[in-house]
Amino acid sequence: MDLQDIGAAIRIAFIYFTIVYLTGLGGLFSERSGIVNIGLEGLMVVGTVSGAAGVALFAGPASDGLELGPGGVVLGLLIGALCGALFASVHAVATINFRVDHIVSGVVINLVAVGLARFLSYVFFEQATQSDPGGPHLSRFDIPLLSDIPGGLGVAFQNLSPVVIFAALLVFPVTYVLYRTRWGLRLRSAGENPEATRSLGVAVAPLRWQGVLLSGALAGLAGGFLSVEVVGNWREGQTLGLGFISLAALILSNWDPRRLMVVAFLFGFALAIPLRLDDAPVISALPDQFINMIPYVVTIVAIAGFVGRVRPPAAAGRAYEGAGGG
Amino acid sequence: MPKWLRTLVVPLAVLALVTAACGDDAPPPGGDGDGDTPECNADLNVGIAYDIGGIGDKSFNDAANAGLQAAIDEGLVCEENAASLEPDATGSNRDENVLALADDGNDLVIGVGFAFSPGINENAGDYPDTQFAIIDGYATCGTACGLTNDGLTNVTDLTFKEHEGSFLVGAAAATKAAEDGCDTVGFLGGQTGPLIEKFQAGFEAGVAHVDDGIEVLVEYIGDDVTAFNDAVRGEALSTGMYDDGACIIYHAAGASGAGLFNAAVAADALAIGVDSDQYLLVSAEQQPHIMTSMLKRVDTAVHDAIEQTGDGSLEAGGQVFGMAEGGVDYSKSNTELMTDDITTLLDDLKQQIIDGDITVPEAP
């Protein structure tokens with residue numbers, strides 16, 4: 001193990017960070033508004049297939065007439081986000097309008113997503129389980145200054161997708177909107193005490209709808225990032241439970257976008273350890289399986305040990321009876 | 001909207017969606033049914049149960065389908081007598097598909113993938129008039145492999161000598177590495193276990209045969225089946241091997257191989273594909289980095305099983321497709337890298353393997 005391995009591990013951590021942070025932020029908006037969303041994995045799955053389809057449409061070989069270049073890839077990723085939001089609206093209708101149990105609806109989202117992805121794949125790619133490999137992606141770039149760090153650590157900041165930077169910078173607008181704007185206050189109040197929100201003349205249902213749609217858009221974007229920017233094609237099952245890891249990260253972060261950033265990176269780094277740092281001291285003595293458990297063990301320990309400090313929005317998971325009337 | 005109309009609309013919409021989804025089944029590629037197959041063996045009925053991925057996976061299942069289409073084109077079986085079923089995303093209904101095809105009275109039922117082995121081992125006895133064949137199967141291994149039944153008389157395991165094909169691409173990698181003055185190559189495996197170790201053993205032997213001074217780095221992605229679908233880890237481990245000096249990496253990691261190809265482009269190094277000719281499947285950006293591929297001729301195995309069932313010569317037990325049977329090979333599509341020097345050497349090695357002058361080890 002040398003510094004280059006650490007640099008490479010950090011670079012891998014950035015990739016997992018991007019997926020976990022985007023999806024986790026999605027869950028954050030939903031749960032802060034009072035709707036528990038364990039369907040993040042399913043929303044991501046829809047994002048992987050529709051993002052890849054969007055990119056094939058706007059930037060693939062079939063789009064020669066469009067000549068959108070990188071703009072086409074961005075447009076394609078936005079299609080992934082849009083489809084994620086559309087699919088999340090199923091969760092919104094069920095939980096907000098029909099007051100279905102949030103967990104039940106979330107499980108349905110995860111189960112339906114697998115079949116829906118296959119159906120969409122037939123529609124978009126005329127193949128059941130994958131799109132053509134090596135599709136177009138945004139040009140990679142090196143972060144100035146940081147990528148020049150000597151000794152191999154600079155590798156961490158080289159050859160990155162612009163989406164990684166976008167995800168990292170999201171912390172600023174999200175924190176501002178959530179804690180410094182009227183809309184953010186109302187969204188949080190809908191998740192803490194919807195009756196009080198309503199009594200002040202603010203409609204709860206639209207806020208919760210916005211929260212859930214945002215969760216779909218962000219998870220869809222994360223899915224598109226995975227299929228388009230990381231792998232290069234859509235492939236059935238490629239999310240491999242990262243949506244659930246995002247959920248764990250969200251809980252561990254105490255539903256705070258700044259802490260979520262740290263947790264997402266730590267989870268990403270934990271996932272990267274067996275890939276590049278398996279010959280480091282201590283780690284080399286542990287079996288791979290143990291290293292792979294780290295994110296989950298940390299989450300369980302954190303929840304068990306910090307009960308009271310890890311506190312979900314008070315009304316999350318509870319149907320708001322007045323929602324139908326606004 | 002009146003209430004009676006509303007109650008009608010929902011079920012109708014669902015019905016429309018379901019029929020639209022199910023009624024749109026495209027015919028399998030290749031079987032265009034242009035009606036110019038005048039003679040075919042109408043006595044034979046064949047059913048194929050595909051594994052996860054289904055038709056269109058550009059790999060295993062598509063290769064099996066190609067074998068079926070070849071058999072149809074040769075008139076070994078009539079198109080209308082060939083049935084196929086695809087499993088759901090997790091493959092949980094594999095066995096149900098096999099039983100459905102057997103219940104339909106097919107003479108031959110082929111399971112495309114080793115995962116069909118336990119189910120067919122358990123159920124084959126109930127269908128004495130049906131022949132079962134399993135690609136990469138181990139059903140006839142019986143209780144020794146932890147399965148229920150021994151001594152099955154109507155099951156054939158169709159396996160491949162992947163180590164022989166891997167030997168050739170190992171020799172190709174070593175030759176190219178030596179030319180470029182590089183002393184390290186790499187192997188990226190999917191799920192740990194004896195099946196993928198055959199690829200590793202053959203590759204290492206092939207490298208050592210050409211130049212035993214070349215080191216082979218080995219990485220496995222994981223110890224469960226998701227290891228074949230994790231391109232992120234595939235890319236990370238490949239980048240690690242390239243960083244450690246490998247100039248060519250051979251993968252036997254299924255869809256995780258996409259990560260290897262991404263890493264090869266980023267490192268401006270070479271990669272070797274597996275199962276099908278992956279040079280033909282990747283993007284133009286990746287093509288110059290795909291030196292060759294180890295070909296596993298699943299189509300040959302399917303075609304031969306159909307042919308032998310037709311003439312009654314399919315024997316129960318194991319049937320192994322090695323180099324001599326045309327079961328494994330290498331691809332020459334990247335003409336830039338697969339120079340005459342290399343292909344001459346590989347074809348010579350191929351002949352030596354067929355003649356038995358070279359024995360390739362199965363375990364590393």
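Predicted model: local features only at pLDDT ≥ 70, side-chain atom pairs only at ≥ 80, totals over all residues.

Q: Is A:Glu126 buried or exposed?
A: A:Glu126 sits in the loop between helix 4 (102-125) and helix 5 (162-169) of chain A. It has 11 other C-beta atoms within 10 Å. The cut-off for this class is 12 or fewer. Therefore A:Glu126 is exposed.

Q: What is the phi of A:Glu126, which is not a glycine?
A: Most residues other than glycine have a negative phi. A:Glu126 is not a glycine, yet its phi is positive. The value is about 55°.

Q: Where is B:Asp268 placed in chain B?
A: B:Asp268 is not a glycine either, and it has a positive phi of about 50°. With 10 other C-beta atoms within 10 Å, B:Asp268 is exposed. Its place is the loop between helix 8 and strand 9 (270-275) of chain B.

Q: Which residues touch the most other members of the largest nonpolar core?
A: In soluble globular proteins, nonpolar side chains tend to be buried together. The largest nonpolar core here has 200 residues. The members that touch the most others are B:Val185 and B:Ile248.

Q: Which helix of chain A gives the largest share of this core?
A: The largest share of the core is 17 residues. They come from residues 204-231 of chain A. That is helix 9.

Q: Which domains of chain B does this core lie between?
A: Chain B is divided into two parts, domain 1 (40-160) and domain 2 (163-294 + 330-355). Their C-alpha centres lie 30 Å apart. Both give residues to the core, so it lies between domain 1 and domain 2.

Q: Which isoleucines does B:Val185 touch, not counting residues up to four places away in sequence?
A: The residues that B:Val185 touches include alanines such as B:Ala173, B:Ala174 and B:Ala177. Valines are there too, among them B:Val207 and B:Val216.

Q: Which helix supplies the largest share of the side of chain B that touches chain A?
A: Here 29 residues of chain B are in contact with 28 residues of chain A. Helix 7 (231-243) and helix 8 (257-267) of chain B each supply at least two residues of that side. The largest share is eight residues, and it comes from helix 7 of chain B.

Q: How many charged residues does the side of chain B that touches chain A have?
A: Sort that side by class. It has 13 nonpolar and 10 polar residues. The charged residues number six.

How values were computed. Residues numbered from 1 in each chain as written. Chains lettered and ligands numbered in written order. Core = buried A, V, L, I, M, F, W, Y, C linked by C-beta atoms within 7 Å. Buried ≥ 20, exposed ≤ 12 C-beta atoms within 10 Å, placed from the backbone. Helix = DSSP H or I, 4+ residues; strand = E, 2+ residues; numbered from the N terminus. Domains from an automatic or database assignment. Contact = placed C-beta atoms within 7 Å. Nonpolar A, V, L, I, M, F, W, Y, C, P; charged D, E, K, R; others polar.
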